Amino acid sequence: MIIDFALSFYFRTLLNVFPFANNNLIDQVRDQTLSRIKSNIELMVSTNGGNKAVIIPHSMGVLYFLHFMKWVEAPAPMGGGGGPDWCSKYIKAIVNIGGPFLGVPKAIAGLFSAEARDIAVARYIFFMAMLVIMAMLVTRLHDDLYGCSLVHQYFTLARMIMLVTMNYMFPSIV
Amino acid sequence: MSLDNETGMDPPGIRVRPVSGLVAADYFAAGYFVWAVLIANLARIGYEEKTMYMAAYDWRISFQNTEVSLF
């Protein structure tokens with residue numbers, strides 16, 4: 001079984017106010033989020049028979065995961081000390097959703113269609129696109145011929161999906 | 001939500017932290033799903049809490065500052 005791993009930009013906040021707390025000890029202790037992600041991936045891979053993780057970062061989470069991949073292979077104490085092969089050892093595939101990579105073709109379709117207003121339409125396209133991208137990426141990873149051009153495959157696919165979306169929204173102009 | 005102007009971390013006396021678990025981002029607000037539909041569909045094909053993990057992080061601070069334990 002492949003492990004799913006969602007990286008989220010959205011979060012709900014817990015606001016805890018401690019007027020009497022010691023600033024040095026409580027207020028400035030941060031989350032060690034990168035270490036938690038590393039440990040969780042390692043744990044999930046080892047408890048699922050060594051099957052690697054599928055990562056699904058979204059929006060700013062895409063950039064955050066790029067940072068994580070650099071961090072985890074960098075030597076301690078600045079990095080995670082996972083060694084130069086950590087990512088290939090634990091990660092099967094990465095399925096970026098709406099990542100800010102200097103703009104995306106889908107933005108045009110989004111501007112014209114106002115698809116976020118209609119959750120039913122957005123929901124249908126979102127899920128279909130997810131399934132198609134996941135299926136294609138996992139298939140391609142098995143294929144030595146395309147194994148090293150994953151990014152190219154992804155953008156070809158993104159273009160195809162954008163065209164399908166445009167065609168669905170505006171059959172008259174595409 | 002705002003951070004300390006000097007340190008870029010928590011202002012004195014206030015802590016805001018991301019929620020963990022799949023509930024951290026299933027819905028943005030009532031009726032506005034983010035990951036809920038994907039989670040539900042992955043559950044239909046056999047995924048569960050043991051095999052899905054939501055990595056929520058604090059998007060207000062710099063990426064490396066999500067790691068430091070004592071600033």
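Let's start with Trp86(A) and Tyr90(A). They sit four residues apart in helix H4 (residues 86–90) of chain A, so about one helical turn separates them. Helices here are DSSP runs of H or I, at least four residues, and strands are runs of E, at least two, numbered from the N terminus.

This is a predicted model: local features need pLDDT of at least 70, side-chain atom pairs count only at pLDDT 80 or more, and totals for chains, interfaces and linings use all residues. Side-chain values use heavy atoms, without hydrogens or water.

Now the rings. Rings of Phe, Tyr and Trp (its six-membered ring) pair if their centres lie within 6.5 Å; planes under 30 degrees apart are stacked, over 60 edge-to-face, the rest tilted. Over all chains, that rule gives six aromatic pairs. One of them joins Tyr64(A) and Phe63(B), edge-to-face, at 5.0 Å centre to centre and 70° between the planes. That pair crosses between chains: Tyr64(A) is in helix H3 (residues 60–73) of chain A, Phe63(B) in the segment after strand E4 (52–56) of chain B. Tyr64(A) is buried, at 0% relative accessible area. Buried means under 20%, exposed over 50%, partly exposed in between, with a 1.4 Å probe and protein chains only.

Back to Trp86(A) and Tyr90(A). Their ring centres are 4.7 Å apart with planes at 35°, so the pair is tilted. Both Trp86(A) and Tyr90(A) are buried. Ring pairs also link these two with Phe65(A), Phe68(A) and Trp71(A) in a cluster.

Last, H3(A). Its buried residues include Phe65(A), Phe68(A) and Trp71(A).

Technical notes:
Residues numbered from 1 in each chain as written. Chains lettered and ligands numbered in written order.
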